[in-house]
Every structure is written in structure tokens, then in C-alpha cells.
Amino acid sequence: SFQQHILILNCSICWNIYTEPVSLTCGHNFCRKCIEKNWDKRDTVQVYSCPECRAEYNQKPVLQKNLKLCNIIERFEATQMNEEPIKILCDFCLDDPFPAVKTCMNCEASLCEHHFRKHSEKAAQKNHVLIEPASSLEDRKCSDHEKLIEYYCLDDHSCICVTCYVAGPHKNHDIRILKDIHNETKVGTHSRASLEEATKELQGTEMNLKVFNKQLLSN
């Protein structure tokens, strides 16, 4: 679908459309600033790794600008300039919903200014993860367990859900609440794919990008 094609243009670290996308030799793409910040936080570590597939590099990789992806994003953004932005409305307003100012990933609901204040006043919800208003949270859920991504594994440098933390491969690892880490830097999303699987995924992504590019050119 068109929405799925848009997700292909999202950086898996900041969850926004790529800004100056660069590629690693494993095939994954990131915003230049995002991947550099991700690596800068681990200067003491001798081995650099891809936040997506965890492919390791003994030396800091030279980041190559992905010109093809840059062109696709430019065309996409040009088509969006003439379209009205999608309005995300509050899920708690009953009659005439007001525009949302935040979306709570834990509640899976969008909140207007009034309901956001009420939400923030509740002690039990103070650690909820809040993001900019979003129409879909599917890309914020663990692909393995379909649960909310709300923790960060410092050992594997990946975002995980509670099942990954309690009973999955990240059990007994050094884990932090994603909200705390997110305040310092935006980090890579959870992925447990092997390098071989990542290569297959890349091939599928390239096909989707070609289809998406054709759609943009036909508009």
C-alpha cells in the first residue's frame, strides 16, 4: 500500500523520513546524523555495528550517501507540498475532537492538549512513551511479539519489547527504559535478523522503492 511505501523512507533510528541518507556495506540506510550519534555514544567500543542487522565492522565505516534514495525522497516531498497534512484527532474527545498534540504508545491513543494534561497528571502514566501525533503505531511495535517497544538493550544496541526483555534473548542484559535513552539520543529499532535475512530484506526493499518511484513519477 502507499502507507507501506512511505514507511520504507523512514530511518529506523529516528523513525522520520531520511535526512541525508547514507548506506552501510550491509545494505541498511540511516540518516547521516542518526548513525553518527549512535556510534559516537560507543566510542569506547572497538567494534562498530549496524543498528538493524548488527553486522560488525572493525573500523568505523565510511558513510556513502545514497543518491538514489535522496532522489526518491525529493520526489516524494515534492508531491506532499500540494497535499494537506493528515490531521490526527484526539481519541478521548467525544463530540467534536480537537487536534492531537501527542500520541501515547502505551495507551495506543492520541491526545489533545486537554487530555494530554490529564494523562500527564496520573502517576501511573508518567513513564509512558509519548511521540508526535501518529495515525499508526504498527512500526513502533516489536515485529516478533507484536508488543510495544519500550526498552533499550545496551548490550545489543537495539530497542525491544517487554517479552524480549523478560523471556527473550535479551534476558539478563543491561536494559534501560526507552524513554530515558530517547531523551539523550534517538536509537536504533529492534531487529534480530541475521545478515543473510537482512540481505533478502534489502532486496525486497529495493523492489518496493522501484515501485514507489514509479508511482511518484506517474503522479
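The structure is a predicted model, and its chain averages a pLDDT of 76, with 71% of the residues scoring at least 70. Seven helices and eleven strands are found in the chain, and buried residues make up 44% of its 219 residues.

**The chain as a whole**

- An open sheet is formed by three strands in the order β7-β6-β8, and the pairing is antiparallel.
- Its edge strands are β7, covering residues 109-111, and β8, covering residues 130-131, each of which pairs on one side only.
- Strand β6, made of residues 102-104, runs antiparallel to β8 and is joined to β8 by two bridges; on the β8 side, Ile131 is the bridge partner of Thr103.
- Helix α4, spanning residues 113-121, lies across β6, β7 and β8, and runs at about 110° to β7.

**The sheet of β9, β10 and β11**

- Another open sheet of three strands has the order β10-β9-β11, again with antiparallel pairing.
- Strands β10 (158-160) and β11 (175-177) stand at the edges of this sheet, and because each has a single partner strand, one side of each is left without a neighbour in the sheet.
- Neighbouring strands of this sheet are turned against each other by 35° on average, with direction ignored.
- Three bridges connect strand β9, residues 151-153, with the antiparallel strand β11, and the bridge partner of Tyr151 in β11 is Ile177.

**Nonpolar cores**

- In soluble globular proteins, nonpolar side chains tend to be buried together.
- The largest nonpolar core in this chain has 23 residues, of which Cys11, Leu24, Cys26, Phe30 and Ile35 touch the most other members.
- Two or more residues are given to this core by each of the elements β2 (29-31), α2 (32-40) and α3 (67-80), and α3 gives the most, with four residues.
- Leaving aside residues up to four places away in sequence, Cys11 touches Asn16, Tyr18, Phe30, Cys31 and Cys34.
- There is also a second, separate core of ten residues, which includes Cys159, Cys161, Cys164 and Ile175.

**A buried residue in a loop**

- Leu148 is found in the loop between β8 and β9, and Leu148 counts as buried because its relative accessibility is 13%, where the cut-off for buried is under 20%.
- Although Leu148 and Cys161 are 13 residues apart along the chain, their C-alpha atoms are separated by 5.7 Å; Cys161 is one of the residues included in the second core.

How values were computed: Residues numbered from 1 in each chain as written. Predicted model: local features only at pLDDT ≥ 70, side-chain atom pairs only at ≥ 80, totals over all residues. Heavy atoms only, no water. Pairing = 2+ DSSP bridges. Contact = heavy atoms within 4.5 Å. Axes fitted to C-alpha atoms, helices over the stretch in contact; angles between N-to-C directions. Core = buried A, V, L, I, M, F, W, Y, C linked by side-chain atoms within 4.5 Å. Buried < 20%, exposed > 50% of the residue type's maximum accessible area, 1.4 Å probe, protein only. pLDDT = per-residue confidence, 0-100.
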